[in-house]
Amino acid sequence: GRQRIVIDGARFIGNVGWRQMEQTYDAITVTNKSIENLTIKVGYIGQVQDIFSRNVDIDAPFVNLNYKLNNYVSLSTYAYLFSYEKLIANSSKTFGFNVKGSPKINNDLKLHYEVEYSHQSNYVNSPSAFSLSRYNLLVGATFKGLTFKTGVEELGSNGSRIFTTPLGTNHKFQGWADSFLVNTPITHANGVRDVTASVVGKVAGTKMMFVYHNFHSPIGNVDYGNEYDFLVTKKFGKHFQLLAKYAFYDAQDYKTDTNKFWLQASANF
């Protein structure tokens, strides 16, 4: 039936929960945890209702295997086979792996790391042949409640087509201003390399977050500019929360600057 699907960090399949209309799926999913520390997710998606309330027909079997050993290592491997009925340029097959962990050193210090590689190529009715790569590297640390992280993610290109993640929660990645949402193969056809640094902490029960992005293209070394993202959120009692979020994309000479601001109040019961 129609359902919400979020796999791993939602880079490839997610619900885009930030939007007013979140993404849902007409699908069959099976999750098995009968083997200790191993989670097997297998499914088939037949239709996507996207954030614009459009029904998109797709033929998409997928499998994701995750093995987790305490907080030291979590290993995932996956295969996503997307065949679109009409948006055939988005048809692709993607295979990859992800290794991450947050080992605790002592009561004050915890480390963070993540290594991921994905390969994407043409599948079934793709109009052209292609072979593209994506990698994601991250390191960080939490010290006395303050978390610092830095990393780089690169979506590869062959000069005419970019590595795509059409079903992912893409707002989480490459800046909240959404200047680099990768939903079509021709978006930023030279690819995107995103170098990031972030800091997260709490002051008087209020969560604060700052994220910096520097964007370049893997092909041609095009300077896409920088982005500065800020978030402040606070819970009131058990049920209420306020959130303020701001993104400034400084396009420099690439294109037009972008400013976005959100103010959100929520109640949960």
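The sections below describe salt bridges in a predicted model.

## Overview

In this predicted model, the structure contains nine salt bridges. Three of them are described here, including the pairs Asp26 and Arg2, Arg4 and Glu22, and Arg134 and Glu116.

## Strands 1 and 2

Arg2 and Asp26 form a salt bridge through their side chains, with an N to O distance of 2.9 Å. Arg2 belongs to strand 1 (residues 2–3) and Asp26 to strand 2 (residues 24–32), so the bridge joins distant parts of the chain, 24 residues apart. Both partners are partly exposed: Asp26 has a relative accessible area of 26%, and Arg2 one of 44%.

## The loop between strands 1 and 2

A salt bridge also connects the side chains of Glu22 and Arg4, at 2.8 Å from N to O. Both residues lie in the loop between strand 1 and strand 2, so the pair ties together parts that are 18 residues apart in sequence. Arg4 is exposed, at a relative accessible area of 53%, whereas Glu22 is partly exposed, at 22%.

## Strands 7 and 8

The side chains of Glu116 and Arg134 meet in a salt bridge of 3.4 Å, N to O. Glu116 sits in strand 7 (residues 109–121) and Arg134 in strand 8 (residues 131–143); the two are 18 residues apart, and the pair links distant parts of the chain.

Arg134 counts as buried because its relative accessibility is 1%, under the 20% cut-off. Glu116, at 8% relative accessibility, is buried too. Through shared partners, salt bridges join Arg134 and Glu116 with Arg11 and Glu153 into one network.

Technical notes
Residues numbered from 1 in each chain as written. Predicted model: local features only at pLDDT ≥ 70, side-chain atom pairs only at ≥ 80, totals over all residues. Heavy atoms only, no water. Salt bridge = Lys/Arg side-chain N within 4 Å of Asp/Glu carboxyl O. Helix = DSSP H or I, 4+ residues; strand = E, 2+ residues; numbered from the N terminus. Buried < 20%, exposed > 50% of the residue type's maximum accessible area, 1.4 Å probe, protein only.
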